[in-house]
Amino acid sequence: MDLKEVKDTVINADSIEVMNSLPENSVDVIFADPPYNMQLGEMLLRPDNSVVNGVNEEWDSFESLSAYDDYTQKWLSAAKRILKEDGSIWVIGSYHNIFRVGYILQNLGFWILNDVVWNKTNPMPNFKGTRFTNAHETMIWAVKNPKAKYTFNYEAMKALNDDTQMRSIWEIPICTGKERLKNENGEKLHPTQKPEALLYRVLLASTKVGDVVLDPFFGTGTTGAVAKKMGRHFIGIERDASYVEGAKKRIAQIEPMSAEASEFTVKKKMPRIPFGSVLECGMLQPGDMLSDAKGKHFAVIRSDGSVKGEKSEGSIHQVGAAAQNAAACNGWEYWYFKDKNSGNMVCIDELRRQIRNKVYGDL
């Protein structure tokens with residue numbers, strides 16, 4: 001099957017068969033929301049005796065745990081074949097299946113990067129009161145081998161999280177309201193539809209604009225809807241025709257972001273500038289004095305670009321750390337010098353910036 005023919009389409013077929021027909025090493029990311037094998041076995045009632053709509057569909061029913069394991073082995077093997085060498089896979093599940101999935105992932109040679117907990121801020125209560133409310137699901141993020149150069153947009157995730165490093169616990173509400181697809185009877189079209197906010201984080205973290213994202217258990221198309229919105233390509237595989245119809249209608253209404261809006265924060269790798277370059281350029285001279293911002297600690301510059309402080313000698317970083325009794329220090333940001341023209345104290349990082357601009361252009 002030609003990848004160009006199936007990009008940005010929903011295929012109504014068996015996921016294993018379709019994946020086995022696609023070219024090897026052809027997709028950038030796979031997001032999989034496989035059957036959880038969570039048949040309740042009996043009707044679940046609320047305290048008012050109303051029926052809880054659980055997962056009773058045929059696609060989530062397996063004869064045994066070994067049958068489920070065999071199915072998991074087959075679809076994960078097919079997924080690994082089509083995943084690019086530097087691609088990554090996300091698999092979401094609950095306590096019913098995620099531990100079995102993780103075991104099989106590792107047996108197949110996948111390398112697990114993270115397990116991310118989706119902490120549901122509005123989970124379904126435990127109506128019987130016989131156990132804790134199940135308020136989370138787990139996503140396993142993995143690559144094909146430990147040396148894979150996978151995409152991780154660290155700076156974008158940090159920016160999304162108010163400039164704080166994103167952690168592996170994501171607090172996101174379950175899918176409700178207008179986002180939840182309904183059938184003609186006003187009932188949920190799919191029992192486990194995932195919220196778009198969850199897929200937004202997944203794709204922002206691990207894809208680039210133009211990447212191909214495959215979802216082998218497409219359901220109502222959350223992956224496709226978010227991928228289209230964010231300027232990524234998608235391939236959806238779903239064997240339930242009613243889900244396919246709902247997904248197609250949903251995705252058709254999505255307007256992609258503009259090219260400008262789809263850009264995200266990327267930390268530019270700056271060329272390294274040794275402190276000795278400041279002396280070579282004549283910006284500072286051996287014998288000049290450096291101090292911290294408050295004028296409490298001092299160091300004299302030596303001819304080889306090292307400095308000698310009150311407690312130690314060495315690089316600007318080592319002496320800065322010793323002055324603060326700290327394990328480490330960015331000397332470029334710690335030390336200041338007195339500008340001879342203005343008389344003001346200036347951070348030496350300004351000199352590094354000037355050198356970079358002179359040598360490498362405006363950075």
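Accessible areas here come from the Shrake-Rupley method with a 1.4 Å probe, and for residues only the protein chains shown count as cover. On that basis the protein has an accessible surface of about 19,600 Å². Carbon and sulfur atoms hold 49% of that surface.

This is a predicted model, in which local features need pLDDT of at least 70, side-chain atom pairs count only at pLDDT 80 or more, and totals for chains, interfaces and linings use all residues. Residues are numbered from 1 along each chain as its sequence is written, and side-chain values use heavy atoms, with hydrogens and water left out.

Start with the overall fold. The protein has twelve helices and 14 strands. Helices (H or I, at least four residues) and strands (E, at least two) are DSSP runs, numbered from the N terminus. The radius of gyration is 28 Å, well over the 21 Å that the globule rule gives for 363 residues, so the protein is more spread out than a compact globule. That radius is taken over C-alpha atoms, and the rule is 2.2 Å times the number of residues to the power 0.38. Along the principal axes, the C-alpha atoms fill a box of roughly 80 × 50 × 40 Å.

Now the packing. Of the 363 residues, 43% count as buried. Buried means under 20% relative accessible area, exposed over 50%, and partly exposed in between (1.4 Å probe, protein chains only). A contact means heavy atoms within 4.5 Å. Among contacts with a separation of 6 or more, 64% are between residues 24 or more positions apart.

Turn to helix α6, residues 196–206, which includes E196. Nine of its eleven residues are buried, so α6 is largely enclosed by the rest of the structure. The buried set includes L198, L199, R201 and V202. E196 itself counts as buried, at 16% relative accessibility. Its side chain makes a polar contact of 3.1 Å with that of K229. Such a contact is a pair of N or O atoms within 3.5 Å; within protein, one must be able to donate a hydrogen and the other to accept it, and residues adjacent in sequence count only if both atoms are side-chain atoms. Leaving aside neighbours within four places in sequence, E196 also touches residues including E179, T222 and R250.

Finally, look at strand β5, residues 136–143, where H136 is found. H136 is partly exposed, with a relative accessible area of 37%. Not counting residues up to four places away in sequence, H136 touches V117, W118, N119 and K120. K158 lies 22 residues from H136 in sequence and 22 Å away in space, C-alpha to C-alpha.
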